[in-house]
Amino acid sequence: MPRYSPHAVRAINVGTTDLEEYFWPFIEARLSEFLPESTVLDIGCGNGKLLAFFARKGSKVVGIDRSKVQVEEAQKRLGDLGDTVEVLCADVRNLEFKEKYDLVTLVNVILDTSELALVVDLLDSAYSALRRGGKIIIWDVHPHNVQRPNHIEDVVFAEDGSYYIDGSKKRSKTLLCDGSQYTFHPNFHYQLGTIINGVTDSGFKSLRFFELGHLTPFPTHFAIEAVRD
């Protein structure tokens, strides 16, 4: 598969610092060809905010998260939306997808995944869940966003170029569906090339890359859009 090149993808800066102002319009614009009446799988759905957005646009949505607490929060949020929404407490890597989806989203998921092998597995699962011609949208904090003077002393770099903020040696824990705990570094960042290569290596085509929202010189977020052939 072709490797990452900064000249091989399209970068677009939206030029606003308000997350609510640019996140929802960006998502809706990227998915306008599928809405309404699309089928959507949100991997790492968290508290279900994105699921609610899709459901109210007329989509049939399924959310998956390994965190028992997050799934419970999502079920509370989505209780009034009926059978258009389903939330599963599960590890997506263990699921077989008989139904294929129009869209798969991973929003603020890679940031909290401090194992590259797990990132690769998530991308492979997303590919297998999509129909031919279906689209994946990845959204996360831009790795350059934390490289500022008030944070740089807390940055810990790995040999592969990934890094995390660990000034207090803090780790986060979450209770998984099976009752075990998952421990991870919050604010973990991979090089953009590593993520893009993972997307193409999983088989996705027609990749587009976006940088969004400036706070001082660095973009705050990035997004990747790609298609399953």
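Predicted model: local features only at pLDDT ≥ 70, side-chain atom pairs only at ≥ 80, totals over all residues.
I began with D140, which is buried at a relative accessible area of 2%; buried here means under 20% relative accessible area, with exposed over 50% and partly exposed in between, using a 1.4 Å probe and protein chains only. Residues are numbered from 1 along each chain as its sequence is written, and side-chain values use heavy atoms, leaving out hydrogens and water.

**Entry one: D140**

I placed D140 in strand β5, residues 130-141 (strands are DSSP runs of E, at least two residues, and helices are runs of H or I, at least four, numbered from the N terminus). Which residues does D140 contact, beyond its neighbours within four places in sequence? I found N108, V109, I110, L111, H221 and F222, where contact means heavy atoms within 4.5 Å. F222 is 82 residues from D140 along the chain, yet their C-alpha atoms are separated by 5.7 Å.

Next I looked at the side chain of D140. One of its polar atoms lies 3.0 Å from the backbone nitrogen of I110, and the side chain also reaches the backbone nitrogen of V109 at 3.4 Å.

**Entry two: S38**

I then turned to S38, in the loop between α1 (19-31) and β1 (39-43). Is S38 buried or exposed? S38 is buried, at 1% relative accessibility. Setting aside residues up to four places away in sequence, I saw S38 touch S59, K60, D102 and L103. With S59, the link is a side-chain to side-chain polar contact of 2.6 Å (a pair of N or O atoms within 3.5 Å; within protein, one must be able to donate a hydrogen and the other to accept it, and residues adjacent in sequence count only if both atoms are side-chain atoms).
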